[in-house]
Amino acid sequence: MGQLNDEIDRTAAEWAAKVAGGSLSLSESERFEAWRAADIRHAGAFARAQAILVRLERLRAVGADALRTTIEEYPAAATDPEDCAEPQPVSGASSAAMHPRLLMRRRLMVSGAAACLAVAGLAGVFLLPVSSQQEFSTGLGEARQVRLSDGSLVTLNTNSKIVVAYTDSVRKIRLIQGEAIFKVAKNKQRPFIVSAHDTDVRAVGTSFTVQLLPEKPVRIVVQEGVVEVVRRDAPAIVPVRAKAQTQAIVSGSAPIVVQSIARPVVARQLAWQYGRIALENETLADAAEEFSRYSDTRIVVDPAVAGRTITGLFAADDPVGFAKVAASVLDLRVEEGPKEVRIVR
Amino acid sequence: MSLSNHERTEWLARNVLPHEALVRDRLKRLYVATLDVDDVIQEMYARILAAPSLESVRYPRQYAIQTARGIVIDHLRRSRVVSIDACENLEELDIEFPETSAEERLGFRGEIQEVAGALAQLPRTCRETLILRRVEGLSQRETAQRLGVTEKVIESQMARGVAMLVKVFGRGGKSRAHSSNNQVERVTSEDGSVKRRD
């Protein structure tokens with residue numbers, strides 16, 4: 001019987017790879033559906049195979065390089081078992097036996113402290129009924145996903161607020177403050193427009209992030225597809241089209257700037273989806289500012305060390321944990337006060 | 001039907017996959033002779049995928065165990081050889097355990113380690129295929145170009161990798177709660193030196 005289950009798992013993996021490749025022909029997709037429906041174990045094994053692919057995808061925020069570096073530390077990887085037949089189970093023992101000699105080049109550092117509120121917050125997805133105007137917001141350190149009536153999915157970062165105003169002809173959303181990712185359901189007849197102050201971001205079916213933070217330019221990062229960025233208040237400023245892996249910066253009376261942005265950087269900037277802050281060579285001052293978006297416990301950095309840099313992946317809602325790790329890495333000290341943690345020499 | 005299929009799969013990845021080894025372990029301890037644990041696990045994934053209100057599940061691990069329990073009960077009913085032992089043992093499946101420990105919820109460090117540890121056991125091409133496709137997000141064609149092989153090879157490497165990871169995560173993998181107590185936190189500083197904190 002075990003043999004049979006292995007067979008099912010292998011077939012499920014083959015289908016999962018085919019489906020992920022996106023090249024399923026009509027007859028193949030009929031065969032696949034027939035196979036999946038034939039036995040509940042088939043459906044389950046396929047779901048698990050897909051879940052494994054998704055699990056890998058979840059590490060996008062970490063970045064492939066950092067993952068590779070971590071992998072290199074396992075003895076198994078060093079020997080390169082090209083003919084490895086039976087993989088060994090993952091266990092605590094194997095991670096404790098990591099190769100200390102192989103240092104992490106592109107460092108991966110993880111705060112080990114507190115639980116991650118934002119992830120817990122994301123676990124709930126809300127379905128909302130059709131209606132004229134609706135408001136959604138998050139508090140400090142919260143994140144939230146909202147499924148809109150047209151099927152689009154909005155993920156709100158910390159301390160953010162949107163107002164949804166859908167009509168039959170247009171899907172309008174105002175970003176009042178903060179940051180949100182929009183995964184837009186395709187509908188050519190009904191454009192999807194996100195407004196941040198006087199900037200309109202228009203999309204048909206795509207995925208992008210809009211950021212509206214105090215005293216910062218409006219920033220749009222496009223993950224998929226194309227968006228059009230328009231300044232409603234200043235017709236003299238030429239509208240731009242921003243495509244995937246680019247960001248548009250909108251500030252004051254300057255022309256809108258579009259810059260390309262590497263995929264790992266996009267992933268890093270979206271680490272908050274998983275309740276994380278990903279830093280790569282950021283100064284302590286910048287890191288402190290980033291953390292202040294998520295918690296009312298302030299990180300105060302001694303100006304003498306504010307320029308020191310740090311890299312790593314941290315729980316967004318745990319500034320104290322971050323401060324301790326940063327201090328230990330940089331040979332600094334931490335002083336804890338009420339609603340405040342100081343990083344000092 | 002509030003969650004899309006992709007969101008459901010994401011839910012499985014986040015909430016069920018990490019607990020599969022534990023559920024498996026508990027099922028084995030039931031000692032129901034006619035029960036095939038692999039069957040139950042596969043069916044468990046299918047049932048959870050199809051569950052009507054997944055988004056309201058608050059304790060996923062317990063939920064996975066309950067789902068497995070339901071499958072075992074159905075099996076016992078069908079097989080009509082309900083031994084008293086089996087019924088008594090079933091209650092063991094119900095033993096609650098705290099699910100909101102910080103360790104389990106923070107998870108991400110453990111998750112990176114677990115995935116890295118699993119990938120380390122795969123042949124290099126297989127591993128690179130999975131990383132390029134899933135972590136870097138390259139298309140099948142881009143991955144093929146990068147590795148200098150055909151798209152067909154990429155597809156078969158993906159299949160092979162997934163099948164191996166099913167084994168690593170499911171069969172042998174310990175649940176995170178058991179495995180993380182002897183991990184050493186490793187951090188690096190500007191100059192690249194590694195420090196350890198226990």
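In what order do the three strands of the open sheet in chain A lie? The order is β16-β19-β18, and the pairing is mixed. Before I continue, please keep in mind that this is a predicted model.

The edge strands of this sheet are β16(A), residues 298-301, and β18(A), each of which pairs on one side only. On average, neighbouring strands are turned by 20 degrees against each other, direction ignored. As a reminder, strands of a sheet pair through backbone hydrogen bonds, either parallel or antiparallel. β16(A) and β19(A), the latter covering residues 340-344, pair in the parallel sense over four bridges. Within this pairing, V301(A) has I343(A) as its bridge partner in β19(A).

Two helices accompany the sheet. Helix α9(A), residues 284-292, lies across β16(A) and β19(A) and runs at about 165 degrees to β16(A). Helix α10(A) packs on the sheet as well, touching β16, β18 and β19 of chain A, and its direction makes about 10 degrees with that of β19(A).

Let us follow the chain beyond α10(A). The loop between α10(A), residues 319-330, and β18(A), residues 333-337, contains D331(A). The phi of D331(A) is positive, about 55 degrees, although this residue is not a glycine. That deserves a mention because most residues other than glycine have a negative phi. Is D331(A) buried or exposed? D331(A) has 11 other C-beta atoms within 10 Å, so this residue is exposed.

N159(A) lies in the loop between β4(A), residues 153-156, and β5(A), residues 161-166. N159(A) counts as buried, because 20 C-beta neighbours lie inside 10 Å.

I now turn to a hairpin in chain A. Strands β13(A), residues 246-250, and β14(A), residues 257-260, run antiparallel and are joined by four bridges. One of the residues involved is T246(A), whose bridge partner in β14(A) is S260(A). Six residues separate the two strands of the hairpin, and G252(A) in the turn has a positive phi of about 50 degrees.

Finally, I come to chain B. How many helices and strands does chain B have? There are 11 helices and two strands. Chain B has 198 residues, of which 45% are buried. Among its contacts with a separation of 6 or more, 64% join residues 24 or more positions apart.

Terms used
Residues numbered from 1 in each chain as written. Chains lettered and ligands numbered in written order. Predicted model: local features only at pLDDT ≥ 70, side-chain atom pairs only at ≥ 80, totals over all residues. Pairing = 2+ DSSP bridges. Buried ≥ 20, exposed ≤ 12 C-beta atoms within 10 Å, placed from the backbone. Contact = placed C-beta atoms within 7 Å. Axes fitted to C-alpha atoms, helices over the stretch in contact; angles between N-to-C directions.
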